Amino acid sequence: MKKLNNMLVIGDLIIDIFVDGSVSRINPEAPNPVLDVYKKRLSLGGVGNVIDYFYHKKEKINFILFVGKKNYFKEIFFLTNKYKKLIHKIFFGNIYNILKFRYSSNNQYILRVDEFKKYSVSSQFQKYIINFLKNKNIQYCCISDYDKGSINGLFLSKIIDICYNRKIKIIIDTKKSKIDILKNIFLITPNLIELINLCKLSQDASLDRVIHQAIYFKKNKNIENILITMSKEGAILIDKQQKVKKFTVQKKHIFDVTGAGDVLFSSIIYNLLKKTTLEKSIKNALKEATDSVEIFGKISENKLEIQL
């Protein structure tokens, strides 16, 4: 693998479990379908999707992970060992990993079940990342934050302060709704609903109103760029000069949007590290993310997974 060691990626690891089967009858005990299961498989989601993206790009960057020991530990350990050339360090804790079960019949999802207990990471994990950012020659700190516990508000604030002082560019995809935490950031990538919530607007706010509020928000918080993703409607970039740029996407047959946001996030990072301009990086990333929705049950045909 080539070396791209001027970048750190952290975030929430989510365990995706896909239960594939077929429905041919209704449960006589209750009005719901009966799924006859023929296959179960497990893969790494959340920041795990970012790891898999760079694994198949054959690029080496620095991932630091926090993994729980209480569920599916052997399976997770097996997969992380496959990705070992990318993972700089793993911390283990006595916690339950976040699980997302996706049940499908004949390549169509019929149910998703989330199994999740909010957790706190170890102080060693936090200290290691802080010291890494203080002492390594890092150009980008990329955060895949599903707001599940690995990056709490106080920890994120410390990361932002260090990166700002060391001129490290932060790229963050976050589910956090607290606007006061987000400041001094190079790029945030909320979807339209997430941005509406960040800006504390009503759900029926017009797009013009959202953009106007986002410009105020980014000026006030010293955020250089906001990329608003809007699914099949493409995306809107508000750049550091407050210019608004609309990106369209090619229409595709949508089979599965699972992980498309992670593909977008990963591709932007990859293109920026290749010295591509931000606008061109977004165009390339939108194409990759749009292509990924045509694949059912994984972000790419080559996604690493294990059978259960």
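Of the 308 residues in the protein chain, 53% are buried, meaning under 20% relative accessible area with a 1.4 Å probe and protein chains only. Keep in mind that this is a predicted model, in which local features need pLDDT of at least 70, side-chain atom pairs count only at pLDDT 80 or more, and totals for chains, interfaces and linings use all residues. Residues are numbered from 1 along each chain as its sequence is written, and side-chain values use heavy atoms, without hydrogens and water.

Let us look at the overall form. The C-alpha trace spans about 60 × 45 × 35 Å along its principal axes. The radius of gyration of the chain is 20 Å, which agrees with the value near 19 Å that a compact globule of 308 residues would have; the radius is taken over C-alpha atoms, and the globule rule is 2.2 Å times the number of residues to the power 0.38.

The protein chain has eight helices and 14 strands, which are DSSP runs numbered from the N terminus, with at least four residues (H or I) for a helix and at least two (E) for a strand.

Now follow strand 3, residues 33-46. Strand 2 (residues 13-26) pairs with strand 3 in the antiparallel sense over 13 bridges, where pairing requires that DSSP finds at least two bridges between the strands. A hairpin of six residues joins strand 2 to strand 3, and Gly21 stands opposite Val37 in strand 3. Strand 3 also pairs with strand 14 (residues 306-307), in the antiparallel sense over two bridges. There, Arg41 stands opposite Gln307 in strand 14.

Notes
Buried means under 20% relative accessible area, exposed over 50%, partly exposed in between (1.4 Å probe, protein chains only).
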